[in-house]
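Trainee: Could we go through this model together? I would like to begin with a side-chain contact and then move on to other topics.

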Amino acid sequence: MPNIVVVGAGVSGLTCAYLLSKQEGNVVTIIAKHMPGDYDIEYASPIAGANVLPMATEKNSSWERRSWVELRRLATEVPEAGIHLQKSRVYRREKDLEKLRNGGYSFDGLFLENPWYQSLFDDFRELSKEELPEGMASGCEFTSVCINVMLYLPWLVGECRKNGVVLRRGQLKHITEASRMSHTGGKVDVVINATGVMSLRLGGVMDQNVTPVRGQVVVVRNEAPYMLTKSGTDDADDEVCYVMTRAAGGGTVLGGTYMKGHWESQPDPNQAMRIMRRVIEMMPEITNGQGVKGFDIIRHAVGLRPYRNGGVRIEKEKIEDTWVVHNYGHAGWGYQGSYGCAEDVVALFLSLSQIKPTVTTAIIMAGKEPGLIAKAVQLVFDIANGRNRTLSWLIPPCLLLLDALLCVVVIWKVPYTEIDWKAYMEQIEQYVAGERDYTVIKGGTGPLVYPAAHVYLYTVLYYVTDKGKDIFLAQQLFAVLYLATLAVVMACYWRAKVPPYVFPLLILSKRLHSIFVLRCFNDCFAVLFLWLTIYLFQRRAWTLGTAAYTLGLGIKMSLLLVLPAVGVILLLGRGFTGSLQLAAIIAQVQFTLATPFLRANAQGYLSRAFELSRQFFFKWTVNWRFVGEDVFLSRPFALGLLALHASVLVWFVLNKWLQPAGKPWTAILTPILTLRSPFSVQEELQVSAQVTPEYVMTTMLSANVIGLLFARSLHYQFYSYLAWSTPYLLWRSGAHPLVQYGLWALQEWAWNVFPSTNVSSGVVVAALAATVVLVAARREQALTSSSYPSHERKVA
């Protein structure tokens with residue numbers, strides 16, 4: 001069993017110990033002079049801001065990229081870690097940009113005009129000129145995290161202790177002393193050096209490239225509406241400006257200084273005054289216009305960032321008879337690079353201990369070199385779970401290409417099936433002839449019952465396909481439509497961080513291919529707009545997403561099922577006033593599209609295009625056949641399903657969808673009923689930051705599946721709304737992959753039984769119900785009202 005001693009209990013040492021302790025068989029001891037709870041000029045971690053503002057160049061960004069994934073996960077899923085999401089603004093002065101262009105600026109990556117990290121943050125955007133404070137040449141905004149170090153460091157200690165790590169006080173004169181300090185008393189295999197700035201003085205290391213960078217901050221009770229940093233100040237080259245509010249009542253950190261080679265531990269009152277004055281110039285609202293005197297000061301603090309000329313040192317070295325893995329020299333980005341650096345430390349440890357991560361604990365414990373088969377299996381698992389950054393990303397495009405070939409084969413080999421296409425064309429023919437009264441327009445399968453956008457869309461197809469006669473061309477167009485929709489679906493899955501092993505389920509549905517390329521239903525277009533809505537909401541393009549939604553609704557009213565989710569997402573993501581404006585867009589677009597038909601017969605249009613009381617034939621139902629025709633057609637059954645639908649929706653709204661608001665539902669609903677916003681301006685920014693791609697997708701798709709579960713009659717084409725929803729929701733529920741694939745297979749089988757039977761319809765309902773229950777049962781991490789602001793900069 002490998003015996004490891006980690007020297008240092010700052011964020012770097014604790015993170016290394018945490019990751020090492022998660023590997024079965026490792027015995028880990030932490031030896032440190034200073035522990036969480038201590039305050040000392042040698043101990044930087046408790047003084048740090050701390051937040052994520054990428055400072056590396058793109059070439060050296062791997063540590064920060066990898067750390068961001070875990071820090072964001074902790075912010076959204078582990079509230080006890082003391083991390084929260086918060087908007088961040090980075091401002092650039094022209095004089096600093098000139099220095100940057102000439103290669104003479106310290107924070108190269110952070111203030112780039114076209115920064116590499118714009119792909120790291122989902123909502124990254126450049127600020128408009130109108131949004132820039134006076135004197136700023138440009139700026140950007142994105143949602144980052146801020147860490148309450150007073151909560152996070154003890155949380156790391158707790159996680160280490162749960163994994164069996166033992167923490168002991170100790171002061172070393174030489175790094176090799178650690179080889180005799182394991183709590184087991186046994187021989188130490190590897191020592192991890194995470195001593196920060198003290199690597200300058202520690203025997204056996206004595207790294208003369210290490211130098212302190214003094215950082216002075218003021219911690220206040222005032223809350224900032226967003227994190228802020230700018231590229232420089234006019235006070236001095238080694239003075240900077242940043243603001244961040246820590247999670248869970250940790251106070252707001254105002255900074256600061258960046259003084260290389262300075263060891264002074266006492267705060268300078270003149271510097272403190274300049275720090276506060278600079279913050280007021282950039283963010284006067286932080287004290288409600290009261291200036292510097294409006295600050296409610298908690299304390300002044302000074303910390304020494306462990307800067308190293310030549311950059312961070314992560315490498316292995318044999319010192320006397322002791323193997324040492326170094327991890328120090330992070331300057332001001334220790335927190336935001338902590339997980340990426342710790343992963344590299346673990347990799348170096350494995351190379352020293354000859355312990356390779358394999359698919360079986362037996363191989364790990366035996367310390368044997370895995371064989372070719374074991375390596376291949378491990379590679380497959382890594383790719384399938386998204387851990388192989390080189391190959392995992394290739395899975396979606398490869399599957400898309402494979403499905404394109406499959407569509408060609410389906411069109412070539414499987415006969416076209418006429419169901420609604422001819423009726424669509426007959427109805428469009430009457431529209432082209434000048435008819436605008438919905439009560440008059442009819443086709444072979446009945447009257448026109450779809451909204452106006454359907455008419456316009458199929459009018460285009462009417463002309464493109466020679467009045468609907470060129471079926472083969474229509475199938476090719478719908479194959480393109482299918483692949484375009486699949487591409488958007490895959491993009492949504494990727495943004496929601498779904499692992500590659502789920503993606504094959506997106507292309508395996510026989511029924512879905514049939515709906516698109518063998519039947520040419522209008523549901524196919526509605527589904528495209530549904531997924532475009534999800535994708536645009538994930539990108540925080542609220543107006544475009546709303547436009548996509550209302551266009552889809554204009555094709556088929558099935559999209560009404562997700563309207564409650566759209567409303568909640570817009571309320572939280574765009575704010576009360578903004579969501580009302582977007583709701584008005586939905587209404588205006590629908591009215592504009594319908595204008596020719598409303599003029600001809602308004603009541604006729606509304607009663608046909610949005611008929612909510614339509615009675616479906618029992619013989620075509622896919623879902624509730626097993627209850628019998630008498631029950632199926634009865635009014636009590638219809639009302640019962642409606643009541644259940646409403647009840648489950650309300651439960652999801654209150655217990656799932658409104659969680660990012662961090663408020664009781666009564667505190668949200670009461671102001672809305674009086675046409676007031678339930679959030680302050682600052683709260684709107686905080687809540688909006690919680691509307692992540694995962695949240696958008698989970699909320700939209702759960703609303704969709706709930707609606708399908710309680711729909712009185714589903715026809716086969718409705719599977720287009722379900723087929724791509726189920727894989728995500730089953731994965732999101734935390735179900736085992738075998739359960740995910742098993743439930744999907746049962747669902748797929750049931751939807752391919754024609755005509756439906758009592759058994760198949762029962763399976764359809766059971767699969768929908770199981771999906772809803774699994775999603776409902778998933779434990780969501782509640783947000784507290786104290787989990788708002790958090791601003792701090794690397795230089796803090």
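Mentor: Let us begin with T245, whose side chain makes a polar contact with the side chain of T252 at 2.7 Å. A polar contact is a pair of N or O atoms within 3.5 Å; within protein, one must be able to donate a hydrogen and the other to accept it, and residues adjacent in sequence count only if both atoms are side-chain atoms. This is a predicted model: local features need pLDDT of at least 70, side-chain atom pairs count only at pLDDT 80 or more, and totals for chains, interfaces and linings use all residues. Residues are numbered from 1 along each chain as its sequence is written, and side-chain values use heavy atoms, with hydrogens and water left out.

Trainee: Where is T245 found? And is T245 buried or exposed?

Mentor: T245 is found in strand β10, residues 239–245. Helices (H or I, at least four residues) and strands (E, at least two) are DSSP runs, numbered from the N terminus. With a relative accessible area of 2%, T245 is buried. Buried means under 20% relative accessible area, exposed over 50%, and partly exposed in between, with a 1.4 Å probe and protein chains only.

Trainee: Changing topic, how many cavities of 30 Å³ or more are there?

Mentor: The count comes to three. A cavity is a set of points, on a 1 Å grid over the protein atoms alone, where a 1.4 Å probe fits but cannot get out; lining residues have an atom within 4 Å of a point. Grid points are joined across faces, edges and corners, and a volume is the space filled by probe spheres set on the points. The largest cavity holds about 110 Å³ of space.

Trainee: Which residues lie nearest the centre of the largest cavity?

Mentor: Of the 13 residues that line the largest cavity, R72, D122, D123, T143 and A689 lie nearest its centre. The lining draws at least three residues from each of domain 1 (3–353) and domain 2 (391–777), bounds that come from an automatic or database domain assignment.

Trainee: What about disulfides?

Mentor: The structure holds zero disulfides, a disulfide being a pair of cysteine sulfur atoms within 2.5 Å. For C160, the nearest cysteine sulfur is that of C16, 9.9 Å away. C160 counts as buried, at 0% relative accessibility.

Trainee: Which backbone angles deserve a look?

Mentor: Most residues other than glycine have a negative phi, and most peptide bonds are trans. C520, in the loop between α13 (510–518) and α14 (523–538), has a positive phi near 60 degrees. D466 has a positive phi of about 55 degrees; D466 is in the loop between α11 (452–464) and α12 (471–495) and is partly exposed, at 46% relative accessible area.

Trainee: And which peptide bonds are cis?

Mentor: One joins G49 and A50, with omega about -5 degrees; A50 is in the loop between β2 (27–32) and α2. Another runs from G255 to G256, with omega near -5 degrees, and G256 is in strand β11, residues 252–257.

How values were computed: 1 Å grid on protein atoms, 1.4 Å probe; cavity = no way out; pocket = protein on both sides within 12 Å on 5 of 7 lines; lining within 4 Å.
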